[in-house]
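Work through the exercises below with the sequence and the three-dimensional view side by side, and try each task before reading its solution.

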Amino acid sequence: MAAASGCSSSDDEDSGKPAAKAAAAAKTPSVEETTATFQTAVTKFDTDGGCLDRAPGTCWEQMVALMEPARDLRKAMNTEKTVGAEFWTEAYALIDTMEKGIAVGDDKGLTVADEKMAAMLSNRDDVLGSAHKLSDWLDQHPIA
């Protein structure tokens with residue numbers, strides 16, 4: 001009757017826990033993997049021509065395409081145990097700046113001719129410029 005009731009022994013319960021922990025750990029890719037994915041996204045942005053159209057809304061997809069792997073990279077950085085959080089300070093700041101630009105909710109474009117003023121009015125530099133700076137930082141600070 002015990003088998004029919006769905007009860008299980010404590011041995012069965014304990015055996016599932018390590019597997020669940022291993023599965024959860026496997027879900028977070030390594031810093032090396034997420035760095036490669038992020039670097040690939042930055043390279044794709046550049047090789048696809050970047051964002052040449054100055055009109056608002058024309059670069060949103062590219063901005064999101066860089067933000068998603070940056071978020072995955074941050075998750076991996078949070079789980080990396082070979083270096084401390086202080087190692088990642090600049091990388092975290094760059095990802096935070098990207099988040100600030102994405103939080104606007106759309107691409108503000110470059111609506112004025114003056115490049116300096118355009119950069120101040122746009123969120124592109126926060127996302128796209130910071131992504132390139134993060135890519136450079138990652139090249140200069142490899143973990144492997």
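The exercises that follow concern a predicted model, and they go from aromatic rings to individual residues in helices.

**Exercise 1. Classify the ring pair formed by F87 and W137 as stacked, tilted or edge-to-face.**

Solution. A search of the whole structure finds 3 aromatic pairs, and the pair of F87 and W137 is taken up here. The ring centres lie 5.5 Å apart, which is within the 6.5 Å that a pair requires. The planes of the two rings meet at 65°, and because an angle over 60 degrees counts as edge-to-face, the pair is edge-to-face. As for location, F87 sits in the loop between helix 3 (60–79) and helix 4 (89–102), whereas W137 belongs to helix 6 (residues 124–140), so that the pair links parts of the chain that are 50 residues apart.

**Exercise 2. Decide for F87 and for W137 whether the residue is buried, partly exposed or exposed.**

Solution. F87 has a relative accessible area of 26%, and because this value falls between the limits of 20% and 50%, F87 is partly exposed. W137 has a relative accessibility of 4%, which is under 20%, and therefore W137 counts as buried.

**Exercise 3. Classify the ring pair formed by W88 and W137, and state which parts of the chain the pair ties together.**

Solution. The ring centres of W88 and W137 are 5.9 Å apart and their planes stand at 45°. W88 lies in the loop between helix 3 and helix 4 while W137 lies in helix 6, so the pair ties together parts that are 49 residues apart in sequence. Both W88 and W137 are buried. Taken together, F87, W88 and W137 form one aromatic cluster.

**Exercise 4. Describe the surroundings of S135 and of A41.**

Solution. Begin with S135, a residue of helix 6, which counts as buried because its relative accessibility is 8%. When residues up to four places away in sequence are left aside, S135 touches F38, Q39 and V42.

With a relative accessible area of 18%, which is under the 20% limit, A41 is buried. Leaving aside residues up to four places away in sequence, A41 touches A65, L66 and P69. Finally, compare sequence with space: A41 and A131 are 90 residues apart along the chain, and their C-alpha atoms are separated by 9.5 Å.

Terms used
Residues are numbered from 1 along each chain as its sequence is written. This is a predicted model: local features need pLDDT of at least 70, side-chain atom pairs count only at pLDDT 80 or more; totals for chains, interfaces and linings use all residues. Side-chain values use heavy atoms; hydrogens and water are left out. Rings of Phe, Tyr and Trp (its six-membered ring) pair if their centres lie within 6.5 Å; planes under 30 degrees apart count as stacked, over 60 as edge-to-face and the rest as tilted. Helices (H or I, at least four residues) and strands (E, at least two) are DSSP runs, numbered from the N terminus. Buried means under 20% relative accessible area, exposed over 50%, partly exposed in between (1.4 Å probe, protein chains only). Contact means heavy atoms within 4.5 Å.
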